[in-house]
Amino acid sequence: MHDLTGFQRDLLYVIAGKDEPHGLAIKEELESYYEKEIHHGRLYPNLDTLVDKGLVDKGQRDRRTNYYVLTDRGRREIEARREWEQNHLEETASISA
C-alpha cells in the first residue's frame with residue numbers, strides 16, 4: 001500500500017465500501033468526496049493500476065460496464081493500513097496528553 005498514491009488508496013476504500021461498484025459509481029463517490037469532477041482519464045488508468053497490482057479484480061457486467069471488487073490481498077492491505085494509522089494516531093494522542 002505504501003507505493004500507492006492517495007487517489008489510488010481512496011479508490012480502494014470506495015471499492016471496499018460498495019458491492020461490486022462500476023466505474024461510474026466509483027467516480028460519483030469520489031467526486032462527492034473531492035467536491036470536483038474526476039475525469040475518466042484519471043479514474044480508469046488508476047483502477048487498472050490497482051488491478052495490475054493484484055489489489056482489485058475487474059469483472060464485466062455487460063459489454064460496456066465493468067465492476068470492481070477487492071481481492072484478498074486488497075483487503076489485507078487496507079487492514080494493514082488501518083493498523084498503521086491507528087498506531088500513529090495512538091502515539092499522537094499519548095504525546096498530546
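In this predicted model, the buried residues of helix H1 are Phe 7, Gln 8, Arg 9, Asp 10, Leu 11, Leu 12, Val 14 and Ile 15. Because eight of the 11 residues of H1 are buried, the helix is largely enclosed by the rest of the structure.

**Asp 10**
- Asp 10 lies in helix H1, which spans residues 6–16, and although this residue is buried, it has no salt bridge, the nearest side chain of opposite charge being that of Arg 9 at 6.1 Å.
- Leaving aside residues up to four places away in sequence, Asp 10 touches Leu 30, Tyr 33 and Tyr 34.

**Ala 16**
- Ala 16 also belongs to helix H1, and it counts as partly exposed because its relative accessibility is 45%, a value that falls between the 20% limit for buried and the 50% limit for exposed residues.
- With residues up to four places away in sequence not counted, Ala 16 touches Leu 70 and Ile 78.
- Ala 16 and Leu 70 are separated by 54 residues in sequence, yet their C-alpha atoms are 6.3 Å apart in space.

**Helices H2 and H3**
- The axes of helix H2 (residues 23–34) and helix H3 (residues 40–52) come within 11 Å and cross at roughly 115°, and this crossing of H2 and H3 is right-handed.
- On the H2 side the contact is made by Gly 23, Leu 24, Ile 26, Lys 27 and Leu 30, and on the H3 side by His 40, Leu 43, Tyr 44 and Leu 47.
- The residues of this contact between H2 and H3 divide into six nonpolar, two polar and one charged.

Terms used: Residues are numbered from 1 along each chain as its sequence is written. This is a predicted model: local features need pLDDT of at least 70, side-chain atom pairs count only at pLDDT 80 or more; totals for chains, interfaces and linings use all residues. Side-chain values use heavy atoms; hydrogens and water are left out. Helices (H or I, at least four residues) and strands (E, at least two) are DSSP runs, numbered from the N terminus. Buried means under 20% relative accessible area, exposed over 50%, partly exposed in between (1.4 Å probe, protein chains only). Lys and Arg count as positive and Asp and Glu as negative; His and the chain ends are not counted. A salt bridge is a side-chain nitrogen of Lys or Arg within 4 Å of a carboxyl oxygen of Asp or Glu. Contact means heavy atoms within 4.5 Å. Axes are lines fitted to C-alpha atoms, for helices over the stretch in contact, and angles run from 0 to 180 degrees between N-to-C directions. A crossing is left-handed if the near helix is turned anticlockwise from the far one by less than a right angle, and right-handed if clockwise. Ala, Val, Leu, Ile, Met, Phe, Trp, Tyr, Cys and Pro count as nonpolar, Asp, Glu, Lys and Arg as charged, and the others, Gly among them, as polar.
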